[in-house]
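Subject: Structure handover

Hi,

My notes on it follow below.

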Amino acid sequence: MRIDILTIFPEMFQGPFTESIIKRAVNKGLAEIHIHNIRDFAKNKHKNVDDYVYGGNAGMVMMIQPIADCINHLKQEREYDEVIFLTPDGEVLNQGIANQLSLKQNIIMLCGHYKGIDERIRQHFITREISIGDYVLSGGELAAAVLADSIIRLIPGVLSDETSALSDSFQDGLLSPPVYTRPAEYNGWKVPDVLLSGNEKEIINWNYNQSLERTQTRRPDLLEDKI
Ligand code: 6GU
């Protein structure tokens, strides 16, 4: 998979993609992430990428030309499955959307700023608008990093234990059960006996019941469509 991220703050992506699972995915050649500075495509003298909003309201809007040129430049090189705009008024990201997008080949992610982007970009270039939750961030960069992470870890071969993505919270619509590691007793606090029993069937049962109980108490909304 190839992800192209369009931003006016390319430095914001230094950290998130150079550690852990995403780093491994990139090193294995399973994911390619390319960061593009929208400002590099600005044609005006001062390399401006924003302008005053029409209609007199306060605030700046990201203008069409640099973004359109950047997207068209990329589209000349390859076909894109999705051109995603990260915005608080998009559909809210969930595991189902991450699963869908993990099957794509080429994705563009556009990070917005200021009061937004010229509506004509959304009308003519954007195929999907995604938010990462009901709160406001300063820009789309952190949201793009979250979205990219949620997608890349699902690409086959990225996780070393193929089953581990399947047992993630949300993958089956339930939260994960609690987990323990050695020692079996610390400070008088014991690991549940069943996990030390070696009885695989009972352990599977216990884990499932714990998942169900956690989901019922913490996120009953996740169970609503199952009942
Ligand atoms: Cl995608 N962008 C911004 N600016 N804020 C957000 C968001 C995106 N998702 C949740 N809050």
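**Salt bridges**

Arg128 is buried, with a relative accessible area of 13%. Buried means under 20% relative accessible area, exposed means over 50%, and partly exposed is in between (1.4 Å probe, protein chains only). Note that this is a predicted model: local features need pLDDT of at least 70, side-chain atom pairs count only at pLDDT 80 or more, and totals for chains, interfaces and linings use all residues. Residues are numbered from 1 along each chain as its sequence is written, and side-chain values use heavy atoms, with hydrogens and water left out.

Which residue does Arg128 pair with in a salt bridge? The partner is Glu91, and the closest N and O atoms are 2.7 Å apart. Glu91 sits in strand S5 and Arg128 in strand S7, so this pair links distant parts of the chain, 37 residues apart. Strands are DSSP runs of E with at least two residues, helices are runs of H or I with at least four, and both are numbered from the N terminus. Glu91 is partly exposed, at 36% relative accessible area.

The total is 8 salt bridges. The rule asks for a side-chain nitrogen of Lys or Arg within 4 Å of a carboxyl oxygen of Asp or Glu. Some others to look at:

- Asp69 with Lys43: the closest N and O atoms are 2.9 Å apart. Asp69 is in helix H2 (residues 64-77) and Lys43 is in the loop between strand S2 (32-37) and strand S3 (50-52), so the pair ties together parts that are 26 residues apart in sequence. Lys43 is exposed at 66%, whereas Asp69 is partly exposed at 25%.
- Glu129 with Arg122: the N to O distance is 2.8 Å. Glu129 counts as partly exposed at 22% relative accessibility, and Arg122 counts as buried at 17%.
- Arg2, Asp4 and Glu32: a network of salt bridges links these residues.

Asp4 is worth a stop. Asp4 lies in strand S1 (residues 2-7). Is Asp4 buried or exposed? Asp4 is buried, with a relative accessible area of 0%. Its side chain also makes a polar contact with the side chain of Tyr80, at 2.7 Å. A polar contact is a pair of N or O atoms within 3.5 Å; within protein, one must be able to donate a hydrogen and the other to accept it, and residues adjacent in sequence count only if both atoms are side-chain atoms.

**Ligand site**

| Protein atom | Distance to a ligand nitrogen |
|---|---|
| Backbone N or O of Tyr135 | 2.5 Å |
| Backbone N or O of Leu137 | 3.0 Å |
| Polar side-chain atom of Ser131 | 3.3 Å |

Taken alone, the ligand exposes 290 Å², and the protein buries 96% of that. Areas come from the Shrake-Rupley method with a 1.4 Å probe; for residues, only the protein chains shown count as cover.

**Surface patch**

Tyr135 and Leu137 turn up again here. With Phe9, Met12 and Leu142 they make a nonpolar surface patch of about 450 Å². Patch residues have over 30% relative accessible area and no salt bridge; like charges are joined within 9 Å, and nonpolar side chains (Val, Leu, Ile, Met, Phe, Trp, Tyr) within 5 Å. Leu142 lies in helix H5 (residues 141-152). Leu142 is partly exposed, at 48%.

**Backbone points**

- The peptide bond from Arg182 to Pro183 is cis, with omega near 5°. Pro183 lies in the loop between helix H6 (162-166) and strand S8 (185-186).
- Lys47 is not a glycine, yet has a positive phi of about 60°. Lys47 lies in the loop between S2 and S3 and is partly exposed at 39%.
- Tyr114 is not a glycine either, and has a positive phi of about 55°. Tyr114 is in the loop between strand S6 (106-111) and helix H4 (119-124).

Best regards
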